[in-house]
Amino acid sequence: MNSSIAIDGPAGSGKSTITELVSRRLGLFHVDSGAFYRTITYYLIEQGIDFNDEIKVLNAINCDLLEVIPGDGVFKILLNGKDVSDKIRTREITKAVSPVSAIGCVRDKVNKIFRRLSSEYNIIMEGRDIGTIVLPNAEHKFYLNASVDERAKRRRLELLEKGEEFTFEEIRLDIQNRDHYDSTRKIAPLKKAADADEIDTTSMSVEEVVEDIVGRIKKSE
Ligand code: CDP
């Protein structure tokens, strides 16, 4: 059986950065589940498909839309053969991704891909429902969190580095809205799995969080 680690948490809790570093330390494939939802969101917006019409969404995604190519410890996601990874982290996509990822047929589509990846590779997967729904039998589960102010500060810097400038208040409100949407939706809400270790990263450096997680994993081996 392949090994799997689940990392969940809200926006800006440090999941992506930490998962990337832990994956390299432990030689696991990093699966960014949010990137799959973001890629589908990008596609629906590009095609002008109304998210509220589930039949239209189902028809639009009911084909070999996404291809997953294993690379150096990560998976490249191709949308109809094209790499759109540099287009899926804009504020526009970020605002639309929560309603799209709350659609049942969208979740079914990506969960099928995740099940296949977890049966073929040793993975560490980050997201919102990984410890609860996608990998309920993961060997290790972590739930990262941080204060909303700290998370907004981190996200603002991240967007600034990409040339997108928004006020702290705008980003803070976006994050609060998304947290609320993600944690109150009916299907697969953002939730700490009962058997996950929770880590509050508010006043921790990236290195400290990585050491903490790697230490806990090694200790239990
Ligand atoms: O990086 P950040 O935490 O801002 O976002 P992300 O991990 O890329 O996820 C973007 C959105 O996709 C989340 O706000 C959720 O609405 C959705 N998502 C989900 O529903 N389930 C997952 N396993 C991962 C992401």
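1. Let's start with the sheet in this predicted model. The strands run in the order β3-β4-β5, three of them in an open sheet with antiparallel pairing. At the edges sit β3 (66-70) and β5, each of which pairs on one side only. For background, strands of a sheet pair through backbone hydrogen bonds, in either a parallel or an antiparallel way.

2. Next, have a look at how β3 and β4 meet. Five bridges join β3 and β4 in the antiparallel sense.

3. Now for some backbone angles. Most residues other than glycine have a negative phi. N80 isn't a glycine, yet its phi is positive, at about 45°. Where is N80? You'll find N80 in the loop between β4 (75-79) and β5 (82-83). N80 counts as partly exposed because its relative accessibility is 48%, which lies between the 20% and 50% cut-offs.

4. A188 also deserves a look. Its phi is near 45°, a positive value in a residue other than glycine. A188 belongs to the loop between α8 (168-184) and β8 (197-200). Is A188 buried or exposed? A188 has 8% relative accessibility, and buried means under 20%, so A188 counts as buried.

Definitions and conventions. Residues numbered from 1 in each chain as written. Predicted model: local features only at pLDDT ≥ 70, side-chain atom pairs only at ≥ 80, totals over all residues. Heavy atoms only, no water. Helix = DSSP H or I, 4+ residues; strand = E, 2+ residues; numbered from the N terminus. Buried < 20%, exposed > 50% of the residue type's maximum accessible area, 1.4 Å probe, protein only. Pairing = 2+ DSSP bridges.
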